[in-house]
Amino acid sequence: MLARDLMTTNPATVTPSDTLQHAAALMRLRGVGMLPVVTDQASRRLVGVLTDRDLVVRHLARANGPTGHVADCMTHLPLATVGPEASVEALADLMVRHQVRRVPVVDTHGALVGVVAQADLAIHVGRGDARLVE
């Protein structure tokens, strides 16, 4: 099984200039804890990620109000990413090494094509290889 078999295709994204309020509302609407940050919606070139933890720890905990932009608290490159042809074992190893639960999937040009979450591993691989999900 490969990353392309597990990934959520065409995930919701934000740009660095989007407001944090927009990003938080999108996370709530989509039921996700991470949004890939792309340069623009046309190229979808990955430039970072924004997590719910980024919003809280890097923005709200510093007594910043509800205003701000994604660029103010996003995690910048370099990021832990994989290509669509990455094996599930390589993907799981990357998650462990970088202590992340979600990994953007990018093409050879750095354009976002999907996201694989730890939950995707559990759903698609867990029954056959519980050790891998652990």
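A nonpolar patch consists of Val, Leu, Ile, Met, Phe, Trp or Tyr residues that have over 30% relative accessible area and no salt bridge, and whose side chains are joined within 5 Å. The views below show a predicted model.

**View 1. A nonpolar surface patch formed by Val56, Val57 and Leu60.** Together, the three residues of this patch present about 240 Å² of accessible area. Leu60 is placed in the loop between H3 and strand S4 (75–76). With a relative accessibility of 48%, Leu60 is classed as partly exposed, because that class covers values between 20% and 50%.

**View 2. The largest pocket, with a volume of about 440 Å³.** Eighteen residues line this pocket, and those closest to its centre are Val49, Thr51, Thr75, Gln99 and Val100. Strand S3 (46–51), helix H3 (52–59) and strand S5 (102–106) are the elements that each give two or more residues to the lining. Helix H3 makes the greatest contribution to this lining, with five residues. By residue class, the lining of the largest pocket comprises eight nonpolar, four polar and six charged residues.

**View 3. The second largest pocket, which holds about 220 Å³ of space.** Its lining is made up of 13 residues, of which Thr8, Pro11, Val32, Met34 and Val115 are the closest to the centre of the pocket. The largest share comes from S2, which supplies three residues. Eight nonpolar, two polar and three charged residues make up the lining of the second largest pocket.

**View 4. A salt-bridge network that joins Arg4, Asp5 and Glu85.** Four salt bridges are counted in the model. In one of them, the side chains of Arg4 and Asp5 meet at 3.4 Å, N to O. Arg4 is partly exposed, with 40% relative accessible area, and Asp5 is likewise classed as partly exposed, at 39%. Arg4 also takes part in a salt bridge with Glu85, with an N to O distance of 3.0 Å. This second pair connects distant parts of the chain, since Glu85 lies in the loop between S4 and helix H4 (88–98), Arg4 lies in helix H1 (residues 3–6), and 81 residues separate them. Glu85 has a relative accessibility of 52% and therefore counts as exposed, a class that begins over 50%.

**View 5. Gly114 in strand S6 and its separation from Ala80.** Gly114 belongs to strand S6. Its relative accessibility is 0%, so Gly114 counts as buried. The distance between the C-alpha atoms of Gly114 and Ala80 is 13 Å, and the two residues are 34 residues apart along the chain.

**View 6. His98 in helix H4 and its separation from Arg28.** His98 is placed in helix H4. A relative accessible area of 42% makes His98 partly exposed. Between the C-alpha atoms of His98 and Arg28 there are 25 Å, with the two residues 70 residues apart along the chain.

Terms used: Residues numbered from 1 in each chain as written. Predicted model: local features only at pLDDT ≥ 70, side-chain atom pairs only at ≥ 80, totals over all residues. Heavy atoms only, no water. 1 Å grid on protein atoms, 1.4 Å probe; cavity = no way out; pocket = protein on both sides within 12 Å on 5 of 7 lines; lining within 4 Å. Points joined across faces, edges and corners; volume = space filled by probe spheres on them. Helix = DSSP H or I, 4+ residues; strand = E, 2+ residues; numbered from the N terminus. Nonpolar A, V, L, I, M, F, W, Y, C, P; charged D, E, K, R; others polar. Patch = residues over 30% accessible without salt bridge, like charges linked within 9 Å, V, L, I, M, F, W, Y side chains within 5 Å. Areas by Shrake-Rupley, 256 points an atom, 1.4 Å probe, with all protein chains shown as cover. Buried < 20%, exposed > 50% of the residue type's maximum accessible area, 1.4 Å probe, protein only.
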